[in-house]
Amino acid sequence: MASDPITLQVGEQRFTTFRSTLTGESPYFTSFFSDEWHRQQADGSYFVDADGDLFRYILRYLRSGTLPIFYTNSGGHDYSMYHSLLGEAQYFQITRLIDWLKNKEYEKVVRVKFSARELEGADKISYSGASDVQIQHHSAWRTRKIYLCPRRIEVHKGNPMACGRACRNAQGDRDGEFEEEEVLRTLEVSRRTVFDHNACVSENLLAT
């Protein structure tokens, strides 16, 4: 029966699906099953002379309507995979998938956003957050001048605005005093990967 599962032998791999899944967007399979009597093997399966490893992505698309993304944070887009899959999509005549791959529409799905901030002190170098954010730290030691209170009040150190009249009287006509201090300065660069899932699915799926 037309609604029964069928088995495909694609290269050396076997797949089980429905005929309607294959023919929904593929004129190749529509034609393939129109003269099925001489394509069916002795065990009842249908032989398709194609790459079984790539066909799993073809079948995944035909089942779900979700367009493929081959992307990792470390390696970026896998253009070799896109190119190989384009050849299979053209072989099976799947127009929407061909356009997606040929026009590199997948590049619009993934966006990378960068931000940076400067940190001071080793105790500031820490991060805990979302897994879609990667953090890089670029550190270097720098020398800075630290203001010294004329009365050597520790809480005034580094903050001349904290000194009052008594401190100014103690300073008199002398120039302000400073000491040099080594401080670790770090540039923290955040890289966030933003994925637009809606761009990968069909309008029919978004409406459900």
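These are my notebook entries on a few spots I looked up in this predicted model.

**Entry 1: the sheet**

I started with the strands. I found an open sheet of three strands, in the order β6-β8-β7, with antiparallel pairing. The edges are β6 and β7, each of which pairs on one side only. From one strand to the next, the twist averages 15°. A reminder to myself: strands in a sheet pair through backbone hydrogen bonds, either parallel or antiparallel.

Then I looked at how β7 sits against β8 (residues 177-195). The two run antiparallel and share 16 bridges. I picked Ile135 to trace across, and its bridge partner in β8 is Ser190.

**Entry 2: helix α2**

Which residues of α2 are buried? I noted Tyr28, Phe29, Phe32 and Phe33. Down the axis of α2, the buried residues fall within an arc of 120°, so they line one face of the helix.

**Entry 3: Ser45**

Next I went to Ser45, in the loop between α2 (27-34) and β3 (46-48). Is Ser45 buried or exposed? Ser45 counts as buried because its relative accessibility is 0%. Its side chain makes a polar contact of 2.7 Å with the side chain of Asp43. Setting aside neighbours within four places in sequence, I found Ser45 in contact with Thr7, Gln9, Arg14, Arg39 and Gln40.

**Entry 4: Phe18**

I checked Phe18 in strand β2 (residues 13-18). Phe18 is partly exposed, at 38% relative accessible area. Not counting residues up to four places away in sequence, Phe18 touches Ser3, Asp4, Pro5 and Ile6. I also took a C-alpha to C-alpha distance from Phe18 to Leu86: 23 Å in space, for 68 residues in sequence.

**Entry 5: two positive phi values**

Lys104 has a phi near 55°, a positive value, and is not a glycine. I placed Lys104 in the loop between α5 (95-102) and β6 (110-120). Lys104 is partly exposed, with a relative accessible area of 42%.

The other is Arg152, also not a glycine, with a positive phi of about 60°. Arg152 lies in the loop between β7 (133-148) and α6 (165-171). Its relative accessible area is 47%, so I have Arg152 down as partly exposed.

**Entry 6: cysteines**

How many disulfides are there? The count comes to zero. I looked at Cys163, which is in no disulfide: the nearest cysteine sulfur belongs to Cys149 and is 3.7 Å away. Cys163 is buried, with 7% relative accessible area.

Technical notes:
Residues numbered from 1 in each chain as written. Predicted model: local features only at pLDDT ≥ 70, side-chain atom pairs only at ≥ 80, totals over all residues. Heavy atoms only, no water. Helix = DSSP H or I, 4+ residues; strand = E, 2+ residues; numbered from the N terminus. Buried < 20%, exposed > 50% of the residue type's maximum accessible area, 1.4 Å probe, protein only. Polar contact = N/O pair within 3.5 Å; in protein donor to acceptor, adjacent residues only side chain to side chain. Contact = heavy atoms within 4.5 Å. Pairing = 2+ DSSP bridges. Axes fitted to C-alpha atoms, helices over the stretch in contact; angles between N-to-C directions. Arc of directions from axis to C-beta. Disulfide = S-S within 2.5 Å.
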